[in-house]
Amino acid sequence: FLKISKLALAFAIIHSKPPGKSCKEYVEHLARTVSKQDFGWKSKAEALEAEVLRLRQELLLNKICPRFCLENDASAKTLLDQECINPMSYSSQLEDSGCDVSSDYAFDSLGVASDFHQSEHNVNTSRQWLERVLPLNLCTTSKERSLTAPVQFLQHLLEIRKLSEGGILQADFRELENDSLTVCDSVSQLLDGLTVFYSNPTFPFSSFLTEAVCVLVSLITDTKLSNHVLKKCFKKLEEFEKSLIQIILRTGSVNRFQALHAISHTLILLGRNSILRKSLISLLLPEVRQFAEQLLQAYQLQAKYDITQYENIFPLCMILEQLLQNEAEERNVSSSEYDEEGKIKFLKSLDQIILHLSDEFPLFSLYLWRVSVLLNSAQ
């Protein structure tokens, strides 16, 4: 039947071929036409799926708290319009080579550090913050547009939590158990969007992306909501961590340092959740150890090594050190929960590696030593 169908299609194409075109050219033209139609249907299907998810999000919010109002606030719209018209004053600073990151302001200019604390302050002033988070799609780019729905939904979810905790609203969060898929899909969409952005960042970083990171961190550190999220989205969050680590290792552009600094801080913020912190430490230890072994081998053989990768390993070392310090400060976490096998592999013959590399690579050796001290003190 398949052979007959193919033969019939071939005859139909030959008979309908316009004059002046060969069969091959006509077949290629038909193939392009069909592929365009397929692409159109895919775009429509994706748009419909996004609309279905948005409706599911609204329905879930309404189930949790029927009194919750999602109407846009005119003042919030005015503020966002002004932000579109008047771009951030530090934009010119971010358009340079990315090498001048000598002060903390270089990272604050990305918005993630200072705006995160500002976001936490706004959450406390719950009613004002509720008005501020409205419509995020007024001045977003094509990259950011896919993040609008999940960010807005999760912001509203967090705000209902804050308002209900303060006794302003009555909310039933048991509905999250009945419809956990909506939250999981929203978090997945947010993580995918952030991964796309971090893979190819544009300067200056917009406040919208800062807000997206703040929402994600607020969600995973919320005492009541984080359990619902981690129960269904842990694997996706771990994949997100892996992706960011690989982006740090593989990025080779001249203007990469500010972007790497932002990614590093995002990973440290994710480490505020103890479960994700343990996962991150387990992912970082073998990466740093493997690079140390490769660098030692290259040094002993007097072979060339990748200077870009050598520069990129330092953000991972700094993240690892910060996470281990945070882990040590949490006294309520027992040492039995640590990844002992990963630590043993990392510490094995590490003193010898540090000894051989210390003359040629003193800064990297110092980082290895500091990490090893933290690991040993934890044990």
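Helices here are DSSP runs of H or I with at least four residues, strands are runs of E with at least two, and both are numbered from the N terminus.

I note that this is a predicted model, in which local features need pLDDT of at least 70 and side-chain atom pairs count only at pLDDT 80 or more, while totals for chains, interfaces and linings use all residues. Residues are numbered from 1 along each chain as its sequence is written, and side-chain values use heavy atoms, with hydrogens and water left out.

I then looked up burial in helix 13. Buried means under 20% relative accessible area, exposed over 50%, and partly exposed in between (1.4 Å probe, protein chains only). Helix 13 is mostly covered, with 10 of its 14 residues buried. Among them are Leu 260, Ile 263, Leu 267 and Leu 270.

**Asn 312.** I found Asn 312 in helix 15 (residues 307–329). Asn 312 counts as buried because its relative accessibility is 0%. Its side chain is joined to that of Arg 256 by a polar contact of 3.0 Å. A polar contact is a pair of N or O atoms within 3.5 Å; within protein, one must be able to donate a hydrogen and the other to accept it, and residues adjacent in sequence count only if both atoms are side-chain atoms. I also listed its contacts (heavy atoms within 4.5 Å). Leaving aside neighbours within four places in sequence, Asn 312 touches Ile 248, Leu 249, Arg 250, Thr 251, Arg 256 and Leu 260. Leu 260 is one of the buried residues of helix 13.

Helix 14 (residues 274–300) has 27 residues and should span 39 Å; the separation of its end C-alpha atoms is 39 Å, which agrees. Asn 273 caps its N-terminal end, with a side-chain oxygen 3.0 Å from the backbone nitrogen of Ile 275. After helix 14 comes Gln 302, with a positive phi near 55°. Ser 226 lies in helix 12 (residues 225–250) and is buried, at 6% relative accessible area.

**Ala 171.** I placed Ala 171 in the loop between helix 8 (142–165) and helix 9 (175–178). Ala 171 is partly exposed, since its relative accessible area is 29%. Its C-alpha atom is 7.2 Å from that of Ile 160, 11 residues away along the chain. Beyond neighbours within four places, Ala 171 is in contact with Ile 64, Cys 65, Ile 160 and Ser 164.

**Trp 369.** I checked Trp 369 in helix 18 (residues 362–378). Trp 369 is partly exposed, with a relative accessible area of 48%.

**Whole chain.** I counted 18 helices and 0 strands in the protein chain. Of its 379 residues, 42% count as buried. Among contacts between residues at least 6 apart in sequence, 78% join residues at least 24 apart. The accessible surface (Shrake-Rupley method, 1.4 Å probe; for residues, only the protein chains shown count as cover) comes to about 20900 Å², of which 55% belongs to carbon and sulfur atoms.

How values were computed
Expected span 1.5 Å × (residues − 1).
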